[in-house]
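Please look at the sequence and the 3D structure below before reading on.

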Amino acid sequence: MIISNYMKNEHRECDTLFASAEEAIALGEWDVAEERFLAFSNEALTHFKKEEEELFPAFEAQTGMTEGPTQVMRYEHEQVRGLLGNMAESLEAKDKDACLSLAESMMILLQQHNMKEEQMLYAMCDRVLPAELKEKTLETMKNMSL
Amino acid sequence: MLNQNGLSLDQAPPIFVVFRFFFVGALFGILSGLFVLFFQETIFNAHSTEAIILTHTLTLGVMLSFMFGALFQMLPVIAGIKLTSPDLKANLLLYPFIVGIIALLFAFKLTTVSWLFLLASVLLGGSLLGIIVILLKNLFSLENHTSTSKGTTYTLLSLGIAVLFALYLTGTLAGVTEGSAYSHIKEAHYSFGLYGWIALLIISISFQVIEMFYVTPPFPKLFLNYMPATLFILLLLASLVGIFYPSIWLLADILLALLLGSYAVLTLKRFTQRKRPLTDATVWFWRLGLSSLLLSMLSLLLTLFIDYDPIKALSYIAFSSFGLSIVFAMFYKIVPFLTWFHLNSQGYISPPMMHQIIHPKMMMKHLYIHTATIVTFIFAIFIPQLIFLAGLLTILSFGWAGYQVVNAHLLYRKTQKTGKKFNMGSMY
């Protein structure tokens, strides 16, 4: 379960960063909010990059499933990227209500997405990828940055 | 061109499936408020026909409607189950289910009209057992199980058993079966319904929802892995052994109270350990629900040793508060998110944001109304005149929830008619 454990940990780190950004938005501490939101965005986008450039292609090559779950996850990444843009705009405008509203959508969207990945996709990756390939993919992902 | 819309939405049921269940649940809630106004304090005597009618309006009409609405939405996410033709399946469940409940309520009132019990049995038994079999078949075929999907399996098994026991009871009331084990089956029926279905479904869903939506530490592994199975086996054993030794229910009730009470404490503690410090109405609905569960279990323990009717009434009210508060907590996450999510996925440039669909202040107002309803019911045990106020508050509370569904629906339709869309074709 090395893939599951590593990726789940990243999800939890993103959640924590997101929660701290959301708290700063609620308190109207805009500079802190911006800084924390940036940290969260970087973490989330790096995580997406690891999946889209390493994990998903490895899974697709192994299973031949290119139109299946990985495609759904890619589409959901696009939805999150769109929301990140909207949130950045509302942060810029210091519009607290819009920002918190988008944060709520972001939280549920991310958690729905994470649940699907953690329960299905990562478990499938751990099951179908050969041990050597799994370790190699994991190592590459660990060294990736945005 | 890649069909983007289909990818994610394929996994979610049509929005109106969920809305329909929630709206029907709210309507039955308003009906339960009207019953309170008509039946008054007779509802506090659990053996009265009035209490039985009110209980079934709340458990079947309200709780089952809301819970199935939520299940249709959540099963694809929490267990990866993708139902084929969800709209058709939902309708095949919903309409016979509504007529079945109305037939059952009339049957309880007009006990001499035995065919009404048979009609209710066919409609409720057929629709509920049908959907339970379909969902269980999907759950059993899962390759990767989580504590939530395992727990949901036990809850659906519990609901199935509660329905089968109900068929025996209605069969007896209709004069079809002799009913020699009537009182034992009745106890097993409501135990499976209240603890195996309502409580266990909330518990199973909470295993995932609390940690992820409120960013809390996870539940202890031991609890996640064994709690649902333990509760289910306990109910099953008590039902079987109870045929020969009815007093086994005393032990079973003590263990159930300890199990559910410890769950309430454990989950309340999680809410104090949130890394997401924002406290919206849904957090308070959860807290109210869990505190109510604790109160209900403490009063249940007391009723086993002290024969005092007000404590029994308190136990019922607190358990209702547990179920309804958490239903509202989920309702206020699902309705705004689903409306936004569907419109966003359809490519509208500026879909209404979650706070525009239901503003947090509207949720807080409902929290106050709901809390006032529960408190008024508790005071009404001792001051019977307050029962009118409790009935009116019940109507207001469910009217509020119903209004939110209608409002979200209208906003959804309006956006579809007037909203501008991205040109998805030009993206590829």
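The questions go from a whole chain to single residues.

Visitor: What kind of model is this, and how are its parts numbered?
Guide: This is a predicted model, in which local features need pLDDT of at least 70 and side-chain atom pairs count only at pLDDT 80 or more, while totals for chains, interfaces and linings use all residues. Chains are lettered from A and ligands numbered from 1 in the order in which they are written, and residues are numbered from 1 along each chain as its sequence is written.

Visitor: How many helices and how many strands does chain B have?
Guide: Helices (H or I, at least four residues) and strands (E, at least two) are DSSP runs, numbered from the N terminus. By that rule, chain B has zero strands, and its helices number 14.

Visitor: What is the radius of gyration of chain B, and what does the globule rule give?
Guide: The radius is taken over C-alpha atoms, and the globule rule is 2.2 Å times the number of residues to the power 0.38. For 428 residues the rule gives 22 Å, and chain B comes close to this, so it is as compact as a globular protein of that length. The radius of gyration of chain B is 22 Å.

Visitor: What share of the residues of chain B count as buried?
Guide: A residue is buried if 20 or more other C-beta atoms, placed from the backbone, lie within 10 Å of its own, exposed if 12 or fewer, and partly exposed in between. Of the 428 residues of chain B, the buried share is 49%.

Visitor: Which helix of chain B gives the most to the side that touches chain A?
Guide: Two residues are in contact if their C-beta atoms, placed from the backbone, lie within 7 Å. On this basis 24 residues of chain B are in contact with 28 residues of chain A. Several helices of chain B each supply at least two residues of that side, among them α3 (49-78) and α11 (309-345). With four residues, the one that gives the most is α11(B).

Visitor: Does the length of helix α8 of chain B agree or disagree with what it should span?
Guide: The expected span of a helix is 1.5 Å times one less than its number of residues. Helix α8 (residues 221-241) of chain B has 21 residues and should span 30 Å. Its end C-alpha atoms are 30 Å apart, so the two values agree.

Visitor: Where in α8(B) does the kink lie?
Guide: The bend at a residue is the angle between axes fitted to the seven residues ending there and the seven starting there. In α8(B) a kink of about 40° lies shortly before the proline Pro228(B), at Met227(B).

Visitor: What covers the buried residues of α8(B)?
Guide: The buried residues of this helix include Met227(B), Pro228(B) and Leu231(B). Their cover includes three helices of chain B: α6 (147-173), α7 (182-214) and α9.

Visitor: Is Leu268(B) buried, exposed or partly exposed?
Guide: Leu268(B) is found in helix α9 (residues 248-272) of chain B. Leaving aside its neighbours within four places in sequence, Leu268(B) is in contact with Arg287(B), Leu290(B) and Ser291(B). Because 16 other C-beta atoms lie within 10 Å, Leu268(B) is partly exposed.

Visitor: Is Val215(B), with phi near 50°, buried or exposed?
Guide: Most residues other than glycine have a negative phi. The phi of Val215(B) is a positive value, and this residue lies in the loop between α7 and α8 of chain B. Because Val215(B) has 21 C-beta neighbours inside 10 Å, it counts as buried.
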